[in-house]
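Please look over the structure below with its helices in mind.

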Amino acid sequence: MKFLSMLYKLEEIEEGMAKLYKSLFEKYPLNLKASTLFYKMYLEEKSHLNLVRYQKRVVWQNQSLFKDIDCQSGDCLESTSEEVRRALDMVEKMDLRQAVEKAIELEKGAAESHLKGFTRNSNLKFGLFLENLCKDDVEHYSKLERFLKTLKEKDDANEIAEQMLRKAISL
Ligand SMILES: [Fe+2]
Ligand SMILES: [Fe+2]
């Protein structure tokens, strides 16, 4: 896989994650804890997206400096990107707990967490840049896990009440 193609895939993933957190933030306006967390994550994924776009321009201008990456890593990115797309289609159907679990799964996702290994082979500076993105996502994953632990039955009950209210309003 061409190095630049890897960046296009990465762009898809960061953009998808930003969209996912934005949708979740908009879905839970009454749950302050959840909406604050999702909004912060949305902003961070957006800044990842901007960084990847910037790097894409750099690589575009210096393509000969970047070796191709191995296919396994390419497949890995493709499947994560696909997973993110699927999650985006499911936002409305998932309850809060399921959404957080899904986000954890995605953050843990092969592409972002395996970047370390293959990027080092291509260009050291660039490898470090991607490694930092990777660290941020590991942090996201821990934040979501902490949030999941604080989710109480009360939140589940509130969500059901909110859904019923929305239904009643739309009748
Ligand atoms: Fe990210
Ligand atoms: Fe992330």
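The crossing of helices H1 and H2 is left-handed, a term for a near helix turned anticlockwise from the far one by less than a right angle. This is a predicted model, in which local features need pLDDT of at least 70 and side-chain atom pairs count only at pLDDT 80 or more, while totals for chains, interfaces and linings use all residues. Residues are numbered from 1 along each chain as its sequence is written.

**Packing of H1 and H2**
- The axes of H1 (residues 3–27) and H2 (residues 32–61), helices being DSSP runs of H or I with at least four residues, come within 8 Å and cross at roughly 160°.
- That makes H1 roughly antiparallel to H2, the word used for angles over 145 degrees.
- The residues of the contact of H1 with H2 comprise 17 nonpolar, 3 polar and 8 charged, where Asp, Glu, Lys and Arg count as charged.

**Helix H4**
- The 13 residues of H4 (residues 96–108) should span 18 Å at 1.5 Å a residue, which agrees with the 18 Å between its end C-alpha atoms.
- Buried residues of H4 (20 or more other C-beta atoms within 10 Å of their own) include Leu 96, Val 100, Lys 102 and Glu 107.

**Lys 27**
- Lys 27, which has its place in helix H1, counts as partly exposed because it has 18 C-beta neighbours inside 10 Å, between the limits of 12 or fewer for exposed and 20 or more for buried.
- Although Lys 27 and Val 91 are 64 residues apart in sequence, their C-alpha atoms are 8.7 Å apart in space.

Technical notes. Chains lettered and ligands numbered in written order. Axes fitted to C-alpha atoms, helices over the stretch in contact; angles between N-to-C directions. Helix = DSSP H or I, 4+ residues; strand = E, 2+ residues; numbered from the N terminus. Parallel < 35°, antiparallel > 145°, perpendicular 65-115°, else oblique. Expected span 1.5 Å × (residues − 1).
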